[in-house]
Amino acid sequence: MNSTSAKFVASRVQRRLQAVAAATLATGLTLSIVTAEETPAAAPAADGAAANVWSGVFSPEQVVRGRRSYNSLCARCHGEALGGGEDSPTLVDKDFLKNWYGKTVGELVEYTRTEMPSDGPGKVTRKQSTDITTYVLATNGFPTGASELAPDPEKMNQIQITPKK
Ligand code: HEC
């Protein structure tokens with residue numbers, strides 16, 4: 001390769017990286033969504049054992065919807081990146097997850113629906129709360145799957161929030 005074509009290739013690589021960086025910024029969320037296909041070991045047990053959050057219990061579309069509602073109803077206190085604010089706790093990582101491991105997705109949805117926003121709870125619908133919860137879970141690294149999480153308390157109460165095995 002002569003130096004002219006090497007430069008040409010280098011500048012194409014450069015442009016490609018810039019394009020990837022721009023796409024990453026534009027679709028930061030989408031790129032960070034993990035799909036359940038990548039964690040086949042966590043598929044629901046065939047014997048009908050309860051699913052857990054590692055088996056892909058909500059869809060990517062639902063997460064996107066949840067993010068929209070989160071941004072309008074929750075971000076002013078918990079922050080755009082869910083990291084928490086002055087008086088509001090973080091909704092990501094260890095400090096958040098330690099409060100929810102061993103509980104169910106249904107409990108998290110119900111807590112959000114009945115206790116949040118802390119300065120005027122009771123206006124978030126169960127459907128909204130379900131969508132928002134999928135966004136919170138996805139942001140914490142739990143994978144998406146093929147189907148939406150139905151806003152059905154009985155079903156959601158069977159989905160455990162557990163650490164990765
Ligand atoms: C007015 C500010 C405010 C808004 C808006 C708000 N929250 Fe909160 N949130 C808080 C505060 C303060 C706490 C801590 C409550 C406590 O300790 O009793 C909290 C706690 C939580 C928790 C429990 C955190 C943990 O570590 O267990 C969750 C989950 C949560 N909020 C979700 C939401 C969601 C989802 C929304 C949007 C529907 C929302 N919050 C809107 C202030 C707010």
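1. Two residues are counted as in contact if their C-beta atoms, placed from the backbone, lie within 7 Å. With that cut-off, helix 7 and helix 8 are among the elements that cover the buried residues of helix 6. The model is a predicted one.

2. Overall content. The protein has 8 helices and 0 strands, and its elements run α-α-α-α-α-α-α-α from the N terminus on. Of its 165 residues, 27% are buried. Among contacts between residues at least 6 apart in sequence, 70% join residues at least 24 apart.

3. Helix 6, buried side. The buried residues in helix 6 are Val105, Gly106, Leu108, Val109, Thr112 and Arg113. They lie on the same side of helix 6, because the arc they cover around the axis is only 165°. An α-helix has 3.6 residues a turn, so residues three or four places apart point the same way.

4. Helix 6, other side. Thr114 and Glu115 are exposed, and they sit on the face of helix 6 turned away from its buried side.

5. Helix 3 against helix 7. The axes of helix 3 (residues 60-73) and helix 7 come within 7 Å and cross at roughly 105°. Helix 3 is therefore roughly perpendicular to helix 7, since angles of 65 to 115 degrees are classed that way. On the helix 3 side the contact is made by Gln62, Val63, Arg65, Gly66, Arg67, Ser69 and Tyr70; helix 7 brings Gln128, Asp131, Ile132, Thr134, Tyr135 and Ala138. By type, the residues of this contact divide into 5 nonpolar, 5 polar and 3 charged.

6. Alanine 150. This residue lies in the loop between helix 7 (126-139) and helix 8 (153-156). Alanine 150 has 13 other C-beta atoms within 10 Å and is therefore partly exposed; a residue would be exposed at 12 or fewer and buried at 20 or more. Alanine 150 and phenylalanine 58 are 92 residues apart in sequence, yet their C-alpha atoms are 8.4 Å apart in space.

Notes: Residues are numbered from 1 along each chain as its sequence is written. This is a predicted model: local features need pLDDT of at least 70, side-chain atom pairs count only at pLDDT 80 or more; totals for chains, interfaces and linings use all residues. Helices (H or I, at least four residues) and strands (E, at least two) are DSSP runs, numbered from the N terminus. Axes are lines fitted to C-alpha atoms, for helices over the stretch in contact, and angles run from 0 to 180 degrees between N-to-C directions. Angles under 35 degrees count as roughly parallel, over 145 as roughly antiparallel, 65 to 115 as roughly perpendicular and the rest as oblique. Ala, Val, Leu, Ile, Met, Phe, Trp, Tyr, Cys and Pro count as nonpolar, Asp, Glu, Lys and Arg as charged, and the others, Gly among them, as polar. The arc is that of the directions from the helix axis to the C-beta atoms.
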